[in-house]
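Colleague: I would like to learn how to read this model, one feature after another. Can we start with charged pairs?

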Amino acid sequence: MKNYILLLIILLPLSLSTQSLNQNPYLNYFLNANTHDVSMASILPRSYNGLVKNDLLYNMPSHWILSYSLNHNLVSGRYSDADMAFGRLILNIGGGSMNSGRLTFYSSHIGETDLSLSTKFRINRKIKTAFLANYHNLKSNRDKNDDTFKDINNKEKLLFINSWSFNKRNYISNINAYYFHNNELGGQIDFDKEQHYLGNEFYGLGTNIRHGGISFQNDFFFFDDETNNKKSKFYFDVDARITQFDYFYGTRLYQGDERLLNAFVGQKIYKVMSEWEWGLHYKNLDMKESLTNIVIPDQSYQQGSAYLRYFNRITYKMNLEGDLRFNYFDDKTWAFTPFVEWTYKPYRDLAFNLFGGNGIKDVFAFNQYRDILYNNKSLNIDEKLNRESAWYYGTSLKWSPNYTIDVDYDNFTIGNFYVQFYYHHHFYDNLILANYDEENLSYSLVNMDDGTIRKKSFQLNYGFSPYRNLFFRFFHRFERFNINENERMYYPRNTFMLASSYNFRDYFEISSQFHILGEMPTYKGYSTPQKRWDLSIEFPISRYIYADIDPFRNLKCLIGFENITNRRENNIILSPHNPFNENMEGANMVGSPIGTKFYFGVQMEM
């Protein structure tokens with residue numbers, strides 16, 4: 001009886017959802033988030049599987065990810081990687097079980113199919129390798145709101161990732177290579193790309209992205225002859241990425257080419273209570289953009305940096321970390337980007353820290369503001385968009401106790417209980433913003449380098465497990481953006497997520513997510529808060545079918561529903577029946593145009 005009560009606890013708090021949440025602003029918001037939490041990957045909606053809903057990480061098991069750095073919002077100087085449309089991915093091929101594989105297939109009722117294969121092998125004691133291949137396809141001509149536009153773009157995505165690890169006592173080397181291809185086509189139902197491409201008979205839009213990268217991480221260790229303790233580490237890392245893309249919106253064509261080379265060389269010296277690290281960093285970033293009727297100069301950034309880092313464990317409860325970087329740019333300018341962090345841990349389950357510093361970011365004009373191209377309004381761009389820069393400070397608190405309480409003469413261990421609090425405050429020296437001029441019906445990208453520009457961010461993560469098979473997780477982010485003390489809505493002010501999962505005696509596992517996205521700035525005014533409820537059930541076939549053969553023994557089925565309350569937004573596009581006049585606006589999309597989605601899938605462990 002207790003199991004059924006716990007199952008009811010999962011569903012009742014999530015039954016208040018009344019509206020859907022469209023993928024575009026939700027996706028954009030999380031890609032622009034201050035921090036990326038890898039552990040959140042496992043509780044995101046099925047159609048956006050992967051770290052922070054990034055297409056590059058679609059359908060990847062979260063425990064495979066060692067690190068992923070992406071930042072379009074300029075935070076924490078030395079931790080940020082804001083150079084390209086995609087960040088730097090390093091797989092954790094040391095995690096999970098070796099010599100195993102996973103084959104996953106699922107399909108939804110809107111014409112969506114997905115197939116992925118992941119494997120992990122140990123060649124010998126020193127060499128490991130991992131491989132992931134994913135194919136995603138969606139074909140649909142749905143137009144439920146009768147606005148002549150497809151409710152959702154047709155999509156075809158392909159992803160390959162391969163990672164190798166070579167491990168010896170005094171040497172570790174990791175090689176990661178990946179390729180991602182995304183092809184999307186949308187617009188009016190009657191649009192045919194072969195006949196109407198960039199014409200004004202039917203409005204079409206589409207995307208073609210080709211992204212590839214390879215990285216090498218090499219660590220050489222030196223040990224003390226007497227104690228055999230690690231004395232120092234010398235490292236050399238190289239990271240190269242190429243992204244080419246084409247976006248077209250009606251008669252507009254936006255193309256880009258990004259080429260990045262990062263190289264690091266340095267040394268880390270280990271002491272009993274401290275660490276020293278020094279290094280050199282070279283970055284070469286070439287960016288080319290072209291947009292119909294807009295002249296965008298090619299941009300090439302070269303940067304050389306020298307950095308010094310110091311970590312000191314002052315006491316067993318207190319740490320101090322400092323990082324100082326000197327950056328010299330190809331335009332003969334330079335900048336210091338310091339970072340400092342103080343951590344205090346009075347108890348084993350309680351940690352508190354303060355941090356602050358400076359960050360810089362190179363500019364890729366339209367890449368992070370592509371939505372403003374989905375219309376026929378005029379566009380303007382400052383003659384030179386300068387690097388973005390900001391000072392910031394913040395604090396965080398984490399509490400993760402474990403204790404036991406008595407409930408109805410039964411012991412419940414509060415395991416995996418944690419509370420995390422984050423606060424960030426940014427002071428921008430320069431920030432690139434997209435402004436809309438309603439009187440002249442035009443958008444412009446401008447340098448915001450005068451006046452006072454501030455952004456405050458608050459984030460709360462909370463999770464607990466009142467029973468060994470039941471887990472809850474809560475997430476809330478609040479952001480406020482001010483220019484000269486006047487609030488500007490470039491982000492939703494509030495975002496909430498409540499997730500839960502319950503495993504019923506290994507017969508099935510039920511997971512549920514409830515999302516609330518606060519009001520968003522749109523073409524005119526602000527949107528109403530959006531809500532969404534997703535539910536999935538996963539169960540092993542072997543618990544229901546007695547068959548002692550491998551295909552059934554390791555086979556799992558998955559059934560899921562997205563946007564259960566089936567709320568659709570009907571006015572996604574303004575002036576859709578006259579799509580080539582200046583009143584047409586497609587960047588107004590906030591609510592979901594497709595309503596409830598049902599999907600079914602199977603997963604086989606090998």
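Modeller: Start with one pair. The side chains of Lys-377 and Glu-585 meet in a salt bridge, 3.1 Å from N to O. The term means a side-chain nitrogen of Lys or Arg within 4 Å of a carboxyl oxygen of Asp or Glu. Lys-377 lies in the loop between strand S16 (350-361) and strand S17 (378-381), and Glu-585 in the loop between strand S28 (555-562) and strand S29 (597-605), so the pair ties together parts that are 208 residues apart in sequence.

Colleague: What kind of model is this, and how are residues numbered?

Modeller: This is a predicted model, numbered from 1 along each chain as its sequence is written; local features need pLDDT of at least 70, and side-chain atom pairs count only at pLDDT 80 or more, while totals for chains, interfaces and linings use all residues. Side-chain values use heavy atoms, with hydrogens and water left out.

Colleague: Are Lys-377 and Glu-585 buried or exposed?

Modeller: First the scale: buried means under 20% relative accessible area, exposed over 50%, and partly exposed in between, with a 1.4 Å probe and protein chains only. Lys-377 is buried at 1%. Glu-585 is buried too, at 0%.

Colleague: How many salt bridges does a search of the whole structure find?

Modeller: The general idea is simple. Side chains of opposite charge can pair when their charged atoms come close. Here the search finds 13 salt bridges. One of them joins Asp-246 to Arg-210, with the closest N and O atoms 2.8 Å apart. Asp-246 sits in strand S9 and Arg-210 in strand S8, 36 residues apart, so distant parts of the chain are linked. Asp-246 is buried at 18%, whereas Arg-210 is partly exposed at 23%.

Colleague: Which residue forms a salt bridge with Glu-479?

Modeller: Lys-455 does, with the closest N and O atoms 3.3 Å apart. Glu-479 belongs to strand S23 and Lys-455 to strand S22 (residues 453-467), 24 residues apart. Glu-479 is buried at 4%, and Lys-455 is buried at 1%. Elsewhere, salt bridges that share partners join Glu-275, Glu-277, Arg-309 and Glu-321 into one network.

Colleague: How many helices and strands does the protein chain have?

Modeller: Four helices and 29 strands. These are DSSP runs numbered from the N terminus: helices are H or I of at least four residues, strands E of at least two. Of the 606 residues, 51% count as buried.

Colleague: Which residues touch the most other members of the largest nonpolar core?

Modeller: A nonpolar core is a set of buried Ala, Val, Leu, Ile, Met, Phe, Trp, Tyr and Cys residues joined through side-chain atoms within 4.5 Å. The largest has 32 residues, and Leu-291, Phe-366, Ile-372, Tyr-374 and Leu-379 touch the most other members. Strands S8 (204-223), S9 (230-249), S20 (410-437), S21 (442-448) and S23 (470-483) each supply at least two of its residues. A second, separate core of 12 residues includes Leu-470, Phe-504, Phe-539 and Ile-541.

Colleague: Which residues is Phe-366 in contact with, leaving aside neighbours within four places in sequence?

Modeller: Contact means heavy atoms within 4.5 Å. Among the partners of Phe-366 are Tyr-254, Glu-289, Ile-296 and Leu-445.

Colleague: Where is the place of Leu-117?

Modeller: In strand S4 (residues 112-122). Leu-117 is partly exposed at 31%. Not counting residues up to four places away, Leu-117 touches residues including Arg-102, Phe-131 and Met-606.
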